[in-house]
Each structure stands twice: as structure tokens, then as C-alpha cells.
Amino acid sequence: MTALAICGGRLVDPAAGVDAAKDILLEGGRVAEIAGPGKLKHAEGADVLDAAGLVVAPGLIDIHVHLREPGQAYKETIATGTAAAAAGGFTSVAAMPNTTPVNDSPEITRWMQAPERGALVRVFPIAAATRGSKGETINDYAALKAAGAVAVTDDGRPILKDGMMRETLAAAARVGLTVIQHAEDTRMTQGASMNLGPVSFKLGLRGMPPEAESSMVERDIRLVAELRESHPHLHVAHTSTAAAIAAVRQARRIGLRVTCEVAPHHFLLTEEHVGLYNTHAKMNPPLRSAADRDAMIEAIVDGVVDAIATDHAPHAMHEKEIEFELAPNGITGLETALGLCLRWLHSEWKIPLGRVLSLLSAQPAALLGLKGRGTLTAGSFGDVVVFDPRAEWTYRATESKSKAKNTPFDGWTLLGKVRWTVSEGRVVYASA
Amino acid sequence: MKPAIPTTRRQRSTPPAPVSSFPYHAGSLLSVLDLTVNGVSQLLIRATELDNEDPILRDHILAKRRIALLFYESSTRTRTSFELACKALGADTTLVSSLSSSIEKGESLKDTGLTLRALGAEAIILRHNSSGAAWLLEESTRLPVINAGDGMHEHPTQALLDLRTILTHLRPGLVGVAPDTLAGVTVMITGDILHSRVARSNMQLLPRVGARVLLCGPKELLPEQAARSGPGIEIERDFDAALAQSQAVMMLRIQAERLAGLQLDLDEYKANYQLTGQRLATHAPTAVVLHPGPIIRGMEITAGVADGVQSAILEQVTNGLAIRMAVMERALAAETGAPTDRSSSVGWEHGGRA
């Protein structure tokens with residue numbers, strides 16, 4: 001593979017504390033050299049990307065995506081999902097196990113990472129916490145970890161039984177894996193299709209109470225506290241309520257290893273965006289009240305949130321063009337995350353660029369222990385995103401690299417256009 | 001101890017709420033909110049005119065126009081009323097119900113709507129068990145869609161006919177309405193508000209013509225957020241106290257099919273919320289009693305009250321015909337929307353006299 005030099009750009013690498021004009025040389029899939037403008041010593045013969053006026057940053061890392069393979073290739077494949085990731089500036093994605101069959105084995109975990117899948121960026125499987133995600137039998141976490149799993153979860157089918165969740169946390173802690181919980185007490189959300197409140201009442205839809213999320217987060221934190229001697233790591237997926245964030249904040253204050261992620265739609269949209277039954281505004285957890293949305297923003301600003309994750313959940317068009325209550329949950333997110341974060345978190349709400357990028361790369365890498373990723377220092381992986389931080393553009397779902405077009409952000413003006421995405425030294429996306 | 005909530009928060013600009021493009025067709029009636037007060041007034045006036053019109057002349061108003069009735073739920077009143085209203089104006093109708101069509105084979109609402117349009121339907125009247133279904137159908141077909149009840153959400157023609165009934169009793173001689181027409185009038189709605197599309201449509205419509213809506217029922221069937229779904233809506237949990245304030249009393253059926261596991265003590269419910277002759281005589285001796293039907297005698301209302309002098313239940317049914325004639329005339333008067341193919345009329349039931 002030819003070496004690749006990215007020259008003339010502004011290198012923003014929050015993990016390394018760098019925000020300066022730097023050239024960078026990638027070789028053998030790794031970062032070979034970083035130097036001042038025009039000062040690379042070993043760049044001879046390398047292909048050159050001219051990054052003048054652009055930001056050069058560690059490739060983005062999304063720790064919550066659904067790639068739908070194996071089993072639901074009509075929605076998305078690992079190839080199309082990672083193509084969307086590359087277009088969005090992501091070089092690593094962690095794939096949820098709610099596939100068909102459920103990824104609860106080392107075989108499926110390896111299958112997802114095989115070169116035949118045609119992934120454009122690195123896929124880190126997250127394995128099921130229990131056999132078939134049925135919440136009954138714990139999987140072999142050591143074997144799953146050896147096969148490449150970076151965490152365990154029964155995402156979408158949360159572990160309700162206290163005993164089973166305690167066992168999961170303890171078993172995962174023994175092998176050093178993170179337990180990710182989709183916090184939802186499903187006993188409180190039967191038949192519900194949006195947030196419970198005045199809007200759900202008005203629309204005649206059954207609602208999910210915020211307590212369905214927060215009570216589960218509080219229960220999980222109690223279990224982490226009980227097991228604190230064995231240092232379990234609980235990660236709360238797609239946090240959406242003020243009460244859940246408050247619980248995480250409190251857990252951290254007493255020194256528990258509890259982390260959380262927030263999805264762009266939960267810090268931008270509210271239940272009002274369901275409008276008149278827009279199925280592209282239906283996801284789980286649902287869009288919440290304005291107060292909850294504001295709490296997400298505050299939590300990002302004050303540092304309680306560890307990562308922005310998209311919960312990229314592709315569905316075929318025909319699956320979303322049905323009655324709201326019957327439509328599946330989820331929206332795509334890989335191509336819009338950076339542009340939404342720069343437009344709103346950075347430009348509108350004045351969070352420094354380095355901190356925004358950290359939430360999208362360094363912190364998620366640290367959270368899941370992805371070594372050599374989320375930073376650009378000599379020897380780390382050659383995962384790079386190069387983007388124009390000032391370019392405004394309009395997102396068009398029809399032009400998506402994903403198989404799916406189910407997004408509430410179609411037609412939105414975003415800030416920050418990806419110019420190149422480089423995965424382990426290879427250019428995997430270049431904008432026209 | 002709960003973590004303290006900061007008292008001062010910076011005001012941040014956030015993405016605006018979405019702008020609705022509904023209704024796509026000016027003839028549609030998806031929600032009572034699609035109508036201005038003036039629009040409501042025109043429909044009421046037209047309903048009276050059509051009611052009084054010579055049947056022979058009326059038969060020409062929608063002569064040979066094609067209207068499909070698409071029913072995913074069983075219905076006696078609404079379906080018959082719409083069908084007779086269409087036929088009274090001379091339109092051809094066809095009925096598609098979920099139990100005797102390809103819907104049983106898994107055909108989607110969108111495809112069913114497009115199929116009806118391809119067969120020449122110029123408007124579709126939809127009754128569906130899922131809230132919001134009428135919006136999906138309108139977006140898919142771009143035809144005038146009349147919402148004849150969507151899940152727990154709305155039933156706009158029911159609210160219009162209820163309004164007509166209330167006017168007849170409380171504002172005799174008045175045909176149209178203005179924002180203050182029912183000023184000083186309290187309309188109470190009692191029972192299963194949570195699952196009721198009739199309640200939701202009335203709650204949105206009646207305050208806009210000046211009425212105060214008083215909701216009554218147990219917490220399980222009447223959540224607090226109901227009072228926050230619009231202006232002019234209040235909750236009074238004490239049935240007798242609510243009755244004493246009301247000039248119109250609307251009773252609702254407990255919707256067993258939508259309770260979804262909710263356990264309700266029916267004896268207790270009857271003791272607290274059943275409209276009996278004695279209660280009515282004591283607290284609201286002159287109020288008009290309404291019920292959208294079907295009534296469950298001996299449950300929410302006694303037979304004596306249902307058949308009594310204060311009951312307007314059958315008048316409501318009759319008023320439905322007039323209202324629906326006006327609604328269908330409006331639906332097909334507006335000429336915006338997708339062009340329809342009118343070359344074939346095979347199989348459409350003729351509305352004219354033989």
C-alpha cells in the first residue's frame with residue numbers, strides 16, 4: 001500500500017492535546033509521522049491529500065449502530081452500512097447484536113469481521129449478553145472477547161431480571177468487557193409508540209413514560225454499586241431522559257464506572273417532531289419532552305455524556321410507510337452526525353471543536369478500549385477524517401450510501417462537509 | 001437525596017418544530033383542526049340546507065361521483081350514515097372492509113388506497129384502528145380523505161354532528177357558529193376519555209366555538225395530561241359536581257377492545273360514573289344528554305336515561321346524515337389533488353333512485 005500524506009490542514013487531536021497546523025504521514029495502515037507544515041521527512045513517493053483550509057482529525061467512532069447483517073440484508077449490509085459510515089467521517093463502528101440470528105456466538109462475531117463482508121471501515125461487534133438475547137443464559141464472554149467482541153448487550157431486549165443483570169455485570173467484569181444496557185422497563189411500555197405526555201395524548205398514541213428508562217438506569221446503577229469490588233463497567237445506551245442523566249451523574253460522583261451516550265436526535269428533537277405521525281421520528285427510546293432534550297444538551301456541555309452515538313437503525317422504505325403504531329423503531333444517523341454536531345453543538349451552542357470531536361472519537365475509543373484509535377499519534381491506526389468545518393450543505397436522504405433512507409434530517413442544513421475519510425491508511429470516502 | 005436542578009439555564013436556540021404539509025387536499029377532513037371556525041359554520045349551514053333540500057334535486061349534487069368507504073373496524077352508525085349521505089347526493093359508493101378484502105392477505109394501507117384510486121375513487125372515507133391512519137392514506141393517495149375514526153385519535157364528523165345537536169337544544173334557531181356561540185355553556189364528557197377519539201375531536205372543536213369542556217372519569221381512563229391538550233379543557237373527577245355545572249352531558253362507552261390489560265372494577269365504575277335518572281334529575285334536570293354510541297345500557301347509562309326526554313342520542317344519529325352530506329359535498333367540491341380516472345364505473349353501487 002502506498003503511503004499517504006495529508007498536508008496543509010489543521011490537525012485537531014483532542015486526546016493528544018493538539019490543535020495546530022500539521023502534516024501527517026500514514027504508512028502500513030498506521031500513523032508514521034506528524035510534522036509541521038512542509039516538514040514531513042519520509043513523505044517521498046507518498047500520495048498527497050491537500051487539506052488546506054480543512055480540519056484533519058481522528059476518524060470518528062460510533063459505538064452504537066445496527067448493520068443488520070447477518071439476516072436482514074434487505075435493510076442494510078455491513079458493506080452499505082460501513083459505506084454510510086465512511087461518508088459520515090466514521091472509521092470505526094460498533095455493531096449491535098440484534099441480527100438474525102442474534103450475534104451470541106464467536107462464530108457470528110468473527111463472521112461479521114471477515115473480509116468477505118466488504119466493510120469499508122472497522123467493524124467492532126458487540127455481542128449479545130445472553131443466549132439469543134432472551135435474558136436467560138449468560139453467553140461465554142471470554143470466547144466472545146477472544147473473537148473480537150468489544151462489549152455485551154441485549155440491546156432492544158433489556159435485561160429486566162435483577163439477578164440476571166447482576167450476573168451479566170459480574171461475568172463481563174471478570175473478562176474486562178463493558179455491559180451496554182438499552183434502559184427500558186418494557187413492562188411499562190407495552191403497545192407504546194412515542195413518549196408519554198400531552199403530545200401522545202393528543203395524537204391518541206400510547207406513551208412510554210420517562211420512568212421506563214430512568215428506573216432501569218437506577219436499578220442498573222444499584223447493581224453496579226453492589227458489585228463495586230469487581231469493577232463492572234455499565235454503559236447506558238442512547239440516554240434520553242433528564243432523570244436517567246441525573247442518575248448517571250450521581251453514580252459518577254460516587255466513583256462508579258458508569259458511562260453514557262446520547263444520540264443526535266435526542267439532543268436536537270422533541271416529541272413535537274413526531275408531527276402528524278411521521279414514522280421517521282419514531283425510535284426507541286422515543287423523542288422526549290423539551291425539558292429532557294434540554295437536559296441532554298446540558299449534560300453534553302457539562303461533561304456527563306461520554307460519547308455521541310447515532311443508533312443508526314436502517315429500515316426498508318416499505319417498513320416505514322405504514323401506520324405509525326405498526327412501524328418499526330429507528331432512524332439512520334451515520335451520515336448526519338458530524339454535520340449536526342458541528343452545526344448545533346459547536347456553532348450554535350459554542351462547545352469547542354476539540355470537545356465535540358472528542359465526543360465522536362477519543363472518548364468512545366476510551367470507553368470501549370479500542371486501542372490505537374481515536375487519536376493520531378505516531379503508531380496509532382491511520383484512521384482519519386478530513387472535513388471542511390465551514391461548509392454548509394443540505395443533507396439529501398436519497399443520496400445516502402445506506403440502503404435505508406429513514407431519517408428525520410432529510411433536507412436539513414448541516415455544517416462541516418467530509419472531504420476524505422481514511423481507514424487504516426486507505427481512502428474509503430472522497431466527496432465529489 | 002435527589003440531585004439539585006440548576007435554577008438558571010441559558011436559553012438556547014433549538015431546531016424549530018416541524019411545519020405540517022397536511023392536509024394535502026383541500027377536500028380532506030382528517031381532524032377538526034383542519035377547519036376554521038368559519039369552515040365549521042359553513043358546514044353546519046350547508047348541512048341544514050342539504051337536509052331541507054328536495055331529494056330529487058339533492059340527488060344531482062354528486063351524481064356519479066365515486067366514493068370509497070374503507071373500513072378496518074366494524075361500525076353500524078358511521079358506515080351506514082356515510083353511505084346514505086353519499087347516496088343521498090347521488091354518488092356511487094363502494095365498501096371495502098378489512099375482513100373481506102386483500103387487507104386480510106397483508107396488503108398495506110398505502111397499496112389499498114392506491115388500488116382504490118386506480119379504480120376511480122375520488123374520495124376515501126376511512127375508519128381505521130390505528131391512530132394517524134388517515135394521514136398516511138392521504139399522503140399516499142393525495143385524494144380527499146375523510147377520517148371516519150382513527151384509533152384513539154379523532155372522529156371529526158362525530159364532533160360536528162354533536163355540535164349540531166348541542167346547537168339545536170341550546171341555541172335553537174341558530175344554524176352557523178362563531179367563536180362565542182357557546183359562550184357560557186359547559187359540555188361535560190364522561191368516561192373512557194383516554195381511548196376515545198370522539199372525546200379528542202370534541203375537546204378540540206367545542207372550545208373553539210366558545211364552550212367549556214369538562215372531562216370526568218377515573219384516573220385510569222382520564223389522565224391529567226388530557227387537560228393540557230388544548231385551551232378550554234378542564235377536569236372534574238366528581239361526577240355529580242360536573243353534572244351540576246353542565247348544560248350538555250356526553251357519556252362514553254368503556255372501550256373494552258382498547259383497554260390493553262388495564263383492570264377496571266366495573267361495579268365501582270358504575271357506582272361513580274353511571275348516568276342514572278336520579279342523578280340527572282338531581283344535578284342536571286335540563287341538560288341535554290348525548291352519547292356517540294354504541295351505548296351499553298346498564299353500564300355507562302341506564303335504559304331510562306337513554307330513552308328519556310333529555311336524551312338526544314337518536315337525534316345525533318340523524319344529524320350525522322346531514323353533516324356527512326355537507327362534508328362529502330365539500331370533499332368533492334375542491335378540485336385540487338391528483339387527477340382521477342373516471343373512464344370506468346363497473347361495480348360501483350349507484351346512488352340514484354332506480
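In chain B, 23 residues of domain 1 are in contact with 23 residues of domain 2. The model is predicted. The elements that give two or more residues to the domain 1 side of this contact are α1 (37–52), β4 (145–150) and α12 (313–333) of chain B. Helix α1(B) makes the largest contribution to that side, with eight residues. By class, the domain 1 side has 12 nonpolar, seven polar and four charged residues.

Where do the two domains of chain B run? Domain 1 covers 32–154 + 320–333, and domain 2 covers 156–316. Their C-alpha centres lie 25 Å apart.

### Contact between the chains

The contact between the chains takes 30 residues from chain B and 29 residues from chain A. On the chain B side, three helices each supply at least two residues: α4 (109–118), α5 (133–141) and α7 (197–205) of chain B. The largest share, three residues, belongs to α5(B). By class, the side of chain B that touches chain A has 13 nonpolar, 11 polar and six charged residues.

### Helix α7 of chain A

Helix α7 of chain A spans residues 242–253. It has 12 residues. From first C-alpha to last it reaches 17 Å, close to the 16 Å expected at 1.5 Å a residue.

Which residues of α7(A) are buried? They are Ala242(A), Ala244(A), Ile245(A), Ala246(A), Ala247(A), Val248(A) and Ala251(A). The cover over these buried residues includes two helices of chain A, α6 (210–226) and α9 (290–301). It also includes two strands of chain A, β14 (234–236) and β15 (258–262).

Just after α7(A), Gly255(A) takes a positive phi of about 85 degrees. Phi of His238(A) is near 20 degrees, a positive value in a residue other than glycine.

Most residues other than glycine have a negative phi, and most peptide bonds are trans. The table lists departures from both patterns.

| Site | Backbone feature | Value |
|---|---|---|
| Thr100(A) and Pro101(A) | cis peptide bond | omega about 0 degrees |
| Asn284(A) and Pro285(A) | cis peptide bond | omega about 0 degrees |
| His238(A) | positive phi, not glycine | near 20 degrees |
| Arg142(B) | positive phi, not glycine | about 55 degrees |

Now for their places in the chains. Pro101(A) is in the loop between β7 (90–95) and α2 (106–113) of chain A. Pro285(A) is in the loop between α8 (264–268) and α9 of chain A. Helix α9 is also part of the cover over the buried residues of α7(A). Arg142(B) is in the loop between α5 and β4 of chain B.

Is His238(A) buried or exposed? His238(A) counts as buried because it has 24 C-beta neighbours inside 10 Å, and the cut-off for buried is 20 or more. Arg142(B) counts as partly exposed because it has 18 C-beta neighbours inside 10 Å.

Conventions:
Residues numbered from 1 in each chain as written. Chains lettered and ligands numbered in written order. Predicted model: local features only at pLDDT ≥ 70, side-chain atom pairs only at ≥ 80, totals over all residues. Contact = placed C-beta atoms within 7 Å. Helix = DSSP H or I, 4+ residues; strand = E, 2+ residues; numbered from the N terminus. Nonpolar A, V, L, I, M, F, W, Y, C, P; charged D, E, K, R; others polar. Expected span 1.5 Å × (residues − 1). Buried ≥ 20, exposed ≤ 12 C-beta atoms within 10 Å, placed from the backbone. Domains from an automatic or database assignment.
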